[in-house]
Amino acid sequence: MTAHDNPFAGYGGRITTQDGVYSQSEVGLANRNSGLLLETLALDITPTGLHYLLTHFDVPLIDEAEHRLTFARGFDAPFEIGLDEIRALPQVTRPVTLECAGNGRSGVSPRSHSMPWAYEAVGTSEWTGTPLKPLIERAGPKSDTVEIAFFGADYGFDKGVGHYFGRSLTLAQIAELDVTLVHFMNGQPLLPQHGAPLRIIVPGWYGMASVKWLGRIEALNTAFDGFQQVRTYRFRESDEDPGRPVTTMRVKSLMVPPGVPDWSSRKRWLRPGPVTLVGRAWSGGGVSISKVEVELDGEWREARLQPPAGAYAWSKWSCEWDASPGAHVLRCCATDALGNVQPLDPPWDVAGFANNAAQKVQVFVAEA
Ligand SMILES: Nc1nc2c(c(=O)[nH]1)N[C@H]1C(S)=C(S)[C@@H](COP(=O)(O)O)O[C@H]1N2
Ligand SMILES: [Mo]
């Protein structure tokens, strides 16, 4: 038996932890959210229960039969609409890849107090609902409208500011993006944690724009100054920097880690010989993926790419590897149709947003 038959035998225990690194409140927050299991990247559609979750406050429990979406302030013809009426409108079903803007932030230093995601805050679902634009037109935004704000039913505090989770889009953005008022996910009514009974999906943008538990829409004659719009989800170089808003997703790829894991370190073990590596790649704003390269034994090789299931869905890639005994670090790197390429090192801002650095997977291949 050599070291690579069981490279983990020498540990004698589990990886050591540093006391006090994560606070109880951070662990409490992390326990309320969950990430995609990377092995499910093999599937076009993420099983509903394995789609990542990001919820800032508490999940509001809303009675679907009672729920009304209100087109409130700023419209010439304000109205309320219930779920039955929304379901009777023209329906679209579309696979959309959603990624949290905080995905990949776990390595940022000093740590940013939020979900310590590594790679797993991403997933693809088939979302069903009705296009938002005709409903906005029916409500008739007043002529001086510059932005439309979307409010969830979830209220809480951040940095001392009490607020309903709210985000805005300009009228131009609503016209360009296929924003949908969604009530079904993968053919089933939305689960409570995913925004039941009603949310928007803003395809091609990071997840924060896709407001869950949607209850109120307002037309504003000035730029929205809500907490989740101006105080967070901004690329900042320092705490004082007002920053630039986080919007569309950056080009990214992930692979299904091959082989089997060591429970504690999560490093991988596999047998030597041919392996098919598979994964997914996506970009933002409806831009398609043009290339995925995989680094195998120090050499970048182009993977096979499958067309995506829709303009806003990730693409599957695969690549053959002849795994030779020893320790290896595998990486994958995508390029989108605009020529954007994933960096090899994280493009850190203060909060660790939108880190699309190439994924690294450490594997040990056994002796033949
Ligand atoms: N009302 C409301 N909408 C919300 C959030 C929230 O906390 N409250 N979180 C946002 C963030 S940051 C993300 S990444 C997505 C996550 O959607 P999911 O939990 O369905 O995956 O929802 C967005 N919409
Ligand atoms: Mo997020």
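These legends describe close-up views of a predicted model. Local features need pLDDT of at least 70, side-chain atom pairs count only at pLDDT 80 or more, and totals for chains, interfaces and linings use all residues. Residues are numbered from 1 along each chain as written, chains are lettered from A and ligands numbered from 1 in written order, and side-chain values use heavy atoms, without hydrogens or water.

**View 1. The shell around ligand 1.** Ligand 1 is surrounded by 19 residues (a heavy atom within 4 Å). Tyr52, Asp154, His194, Arg199 and Lys212 are the closest. The shell holds 9 nonpolar, 7 polar and 3 charged residues (nonpolar: Ala, Val, Leu, Ile, Met, Phe, Trp, Tyr, Cys and Pro; charged: Asp, Glu, Lys and Arg; polar: the others, Gly among them).

**View 2. Polar atoms at ligand 1.** A polar side-chain atom of Asp154 lies 2.7 Å from a nitrogen atom of ligand 1. An oxygen atom of the ligand is 3.1 Å from a polar backbone atom of Leu54. An oxygen atom of ligand 1 is also 3.3 Å from a side-chain N or O atom of His51. The protein buries 100% of the 530 Å² that ligand 1 exposes when taken alone (Shrake-Rupley method, 1.4 Å probe).

**View 3. Gln359 in strand β22.** Strand β22 spans residues 359-365 and includes Gln359 (strands are DSSP runs of E, at least two residues, numbered from the N terminus). Gln359 counts as buried because its relative accessibility is 1% (buried means under 20%, with a 1.4 Å probe and protein chains only). Its side chain reaches the backbone nitrogen of Met255 at 2.6 Å.

Conventions: A polar contact is a pair of N or O atoms within 3.5 Å; within protein, one must be able to donate a hydrogen and the other to accept it, and residues adjacent in sequence count only if both atoms are side-chain atoms. Helices (H or I, at least four residues) and strands (E, at least two) are DSSP runs, numbered from the N terminus. Buried means under 20% relative accessible area, exposed over 50%, partly exposed in between (1.4 Å probe, protein chains only).
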